[in-house]
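Please read the numbered points below with the model open beside them. Each point takes up one part of the chain.

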Amino acid sequence: MGFRELWQPLCGLYGADEAKAIARLVLEVKYGLTMADILYGKMEQLDSQALQALQDRLLTGEPVQYVLGEAEFGGRRFLVDRRVLIPRPETYELCQLILNSQFSIRNSQFSILDIGTGSGCIACTLAADLPGADVTAWDISADALDVARENARRLDVSVTFQQRDALTLPLDTPSHWSLIVSNPPYICDHERAAMAPNVVDYEPAQALFVPDDDPLRFYRSIGHYALSALVPGGRLYFELNAGHADEVRELLLTQGFADVELRRDQYDKPRFAKACKPIKP
């Protein structure tokens, strides 16, 4: 199988440019081939049956990250499969927002909680780039936590993983965390119809969708918990559905947070919220 034979059948799903990019990614990650290697005919040395099996999976619409079993996130490679969402570039922007903040204190007293960790991409990234921090990550899915633990092991970072439901967090708990971050489910059920089949048919719905009549359910629950559990002056960071960004901001202000800000992503959409637990005089 040549390069054209690999990518051309994918055009019906992705278009020519994306199909070529997917084919190059498969050859790079799975076989270590560069574009120069491809041009010099090194694909001829590959097992054609194994390559055909990969193409067959791609032709069903299965995301290339699941086919390869890994995804790039902030320069690191994370194990991913159908137990977890595929990490997105916007979520790495959320990590950068935290890491570039003056609030990112690099010492052992700095404690971070990632709620809804999925693959562990946020928790592991922060643990790697803030080596003095004490990082904990929660998820309702035991399967997702197994993936996250394996990613922490592969990246050689220390993260404490626990199974917790973000919708049943205590509203009165001792102050402990310096920073709480969450990329919770935020896509409304009615938005499914406009989404690509390779997302809806393969990625875990529990980690994606919220009811149309209560799109802020996770923000409300986590906000209530954070207002109690953060230390005075502690920070809360969220990734957002851009269509509900203003509502999340109003929610956080109503709950009693200070310095509530919306931040835009690389596509100029209001994608992140930052808030601070007030310091009482």
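1. The side chains of Glu 62 and Arg 57 are joined by a polar contact of 2.7 Å. A polar contact is a pair of N or O atoms within 3.5 Å; within protein, one must be able to donate a hydrogen and the other to accept it, and residues adjacent in sequence count only if both atoms are side-chain atoms. The model is predicted: local features need pLDDT of at least 70 and side-chain atom pairs pLDDT 80 or more, while totals for chains, interfaces and linings use all residues. Residues are numbered from 1 along each chain as its sequence is written, and side-chain values use heavy atoms, leaving out hydrogens and water.

2. Glu 62 lies in the loop between α5 (48–59) and α6 (64–68); helices (H or I, at least four residues) and strands (E, at least two) are DSSP runs, numbered from the N terminus. Is Glu 62 buried or exposed? Its relative accessible area is 10%, so Glu 62 is buried (under 20% relative accessible area; exposed is over 50% and partly exposed in between, with a 1.4 Å probe and protein chains only). Beyond its neighbours within four places in sequence, Glu 62 is in contact (heavy atoms within 4.5 Å) with Tyr 14, Arg 57, Val 67 and Tyr 202.

3. Just after α5, Gly 61 has a positive phi of about 100°.

4. The buried residues of α5 include Leu 51, Leu 54, Gln 55 and Leu 58. They lie on the same side of α5, because they cover an arc of only 100° around the axis, taken from the directions from the helix axis to the C-beta atoms. An α-helix has 3.6 residues a turn, so residues three or four places apart point the same way. The buried residues of α5 pack against α1 (3–7), α2 (11–14), α3 (16–31) and α6.

5. Helix α7 (residues 89–99) is mostly covered, with eight of its eleven residues buried. Among them are Glu 90, Cys 95 and Ile 98. Its buried residues pack against elements including β1 (70–73) and α8 (121–129).
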